[in-house]
Amino acid sequence: VLPNRIPLPFGTLWPLDRLQHARPEGVLTCRVLGACGVVTSHGRPLSCTLQLGASSWRSHPTESEDGDFLWDEQVFLMVDHLDQQLLLVQLQERHTWNHDRVFAHQGISIKEVIERSRWQHMPSWSLQAAGSEGTTQMLLSGAFHPLTRKRGNFYKDLGSLLLVTVDCARHIPPELEDRPLMIRCSVAPGNAAGGSTPAAQSFPVRCSRISPVQAGQAIVERLLMCNFDQTALAVQIAGDSSDEEVDVKKAWEAYVESDEDRWRERLLQLLQLSSGGRGARASTKDLKAWLDRDRDGCIKKMAMILELPVWCQPRLGKLLDDLAEAVPEAQAAQALCVECHWRQQLRVMVKSPREQELMVEICQVHRRADPEMIGVLRQPLRALTEAPHMTEPMAPRPARTPK
């Protein structure tokens, strides 16, 4: 935000209904056979890592005496932009205290990997070795599989791609306030117990009673107050206000009042047009019925019509209550609950969607211990495959406390 250059998160201040995650273009399956011509120091084990965007994979460490390392593993990586992304290949050498040093690396175009794999059984790639005079060759092939929702194109050896969009968790126990939480997703057979290895996990986020929208509103108000401070300083330096001090708080209240008067005038015009000549009482009655039936939807729709940002919705809600002569008693009496907002999309490869189920775990992150599960959601994937377009809309889902 200029001129102060304070960064504001995009997902925090943008309306949630307009926030959409990018849909991947497909899946890149890579076969990592091995590497040859590698000269490691003191015969240390070597592992291979592949990274494509946010997707990453790491092989098991392998030792070799003649410089030829063999892994022969298959990797599934998500492709978001086929024309622009690079496949980053690294060979890492294991040192003392589990410290890894990059031995060789190379960025390879995805299209080049796909094209060479069509004509060669196992293409060889030259890697840039750090501090080594020899040439390191990597044996790697790949194939691209675009996404499709047609059930007839299901390939059993490849499986399906499951996209899990996580918005937030609400009604978290109060003792976990200001503690970091993360989401872990795993896929297992329907009769399997929990605790399996997670296939994808989110970044840790701290719980709070203040939602990101409220935090963004406070940031914007502080920015506006800074602008009023600069105005007051300029007036004092110019000497236009003699010795009287400019009250910043009064200036802010006057700004808010003039802003709400402008909203009120536009709302009255909208209500008059929507009444169809029935009078102001009928339009007020319709507005009150809309607020009673769907308060959040009414506020968001009016904010969209007036082109107001999301941080102005609380003030707009109070103004609508005044116009409708309604007092939201239930909302005023409701206490703020502890929430944790991720707004992240997790991607999981599923081999047999009709026989497996999705497990979404809410875990507390510890510094020196494994994550502790505080809630779990289990859902069979068979119902998802039978839904229209194999998609379920975002909705609140209850999570169970682990026993």
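Predicted model: local features only at pLDDT ≥ 70, side-chain atom pairs only at ≥ 80, totals over all residues.
Reader: What makes the contact between Asp 83 and Lys 111 a salt bridge?

Author: The side chains of Asp 83 and Lys 111 come to 2.8 Å, N to O, and because the rule asks for a Lys or Arg side-chain nitrogen within 4 Å of a carboxyl oxygen of Asp or Glu, the pair qualifies as a salt bridge. The pair links distant parts of the chain, with Asp 83 in the loop between strand E4 (69-79) and strand E5 (86-94) and Lys 111 in helix H2 (residues 110-119), 28 residues apart. By this rule the count comes to 14 salt bridges.

Reader: Why is Asp 83 called exposed, and what is Lys 111 called?

Author: Asp 83 has a relative accessibility of 61% and therefore counts as exposed, since that label applies over 50%. Lys 111, with a relative accessible area of 46%, is partly exposed, because that term covers values between 20% and 50%.

Reader: How do you know whether Glu 361 and Arg 184 are buried or exposed?

Author: The relative accessible area is 3% for Glu 361 and 16% for Arg 184, and because buried means under 20%, Glu 361 is buried and Arg 184 is buried as well. Their side chains meet in a salt bridge at 3.0 Å, N to O. This pair links distant parts of the chain, Glu 361 lying in strand E14 (residues 356-364) and Arg 184 in strand E10 (residues 180-189), 177 residues apart.

Reader: What separates Asp 292 and Lys 288 along helix H5?

Author: Asp 292 and Lys 288 are 4 residues apart in helix H5 (residues 280-293), which means that about one helical turn separates them. Their side chains meet in a salt bridge at 3.2 Å, N to O. Asp 292 counts as exposed at 55% relative accessibility, whereas Lys 288, at 33%, counts as partly exposed.

Reader: What puts the buried residues of helix H6 on the same side?

Author: The buried residues of helix H6 (residues 295-305) are Arg 295, Cys 298, Ile 299, Met 302 and Ala 303. They cover an arc of only 125° around the axis, and therefore they lie on the same side of H6.

Reader: What caps the N-terminal end of H6?

Author: The cap is Asp 294, a side-chain oxygen of which lies 3.1 Å from the backbone nitrogen of Gly 297. H6 is followed by Glu 307, whose phi is positive, near 60°.

Reader: Why is strand E14 described as largely enclosed by the rest of the structure?

Author: Of its 9 residues, 9 are buried, so E14 is largely enclosed by the rest of the structure. Both faces are covered, with Gln 356, Leu 358, Val 360, Ile 362 and Gln 364 buried on one side and Glu 357, Met 359, Glu 361 and Cys 363 buried on the other. E14 pairs in the antiparallel sense with E10 over 9 bridges and with strand E15 (residues 372-380) over 8 bridges. Leu 181 has Gln 364 as its bridge partner in E14, while Leu 358 stands opposite Gln 379 in E15.

Reader: What makes the approach of Glu 357 to Arg 378 a polar contact?

Author: The side chains of Glu 357 and Arg 378 make a polar contact at 2.3 Å, a value that meets the requirement of N or O atoms within 3.5 Å. Glu 357, found in strand E14, counts as buried because its relative accessibility is 8%.

Technical notes:
Residues numbered from 1 in each chain as written. Heavy atoms only, no water. Helix = DSSP H or I, 4+ residues; strand = E, 2+ residues; numbered from the N terminus. Buried < 20%, exposed > 50% of the residue type's maximum accessible area, 1.4 Å probe, protein only. Arc of directions from axis to C-beta. Polar contact = N/O pair within 3.5 Å; in protein donor to acceptor, adjacent residues only side chain to side chain. Pairing = 2+ DSSP bridges.
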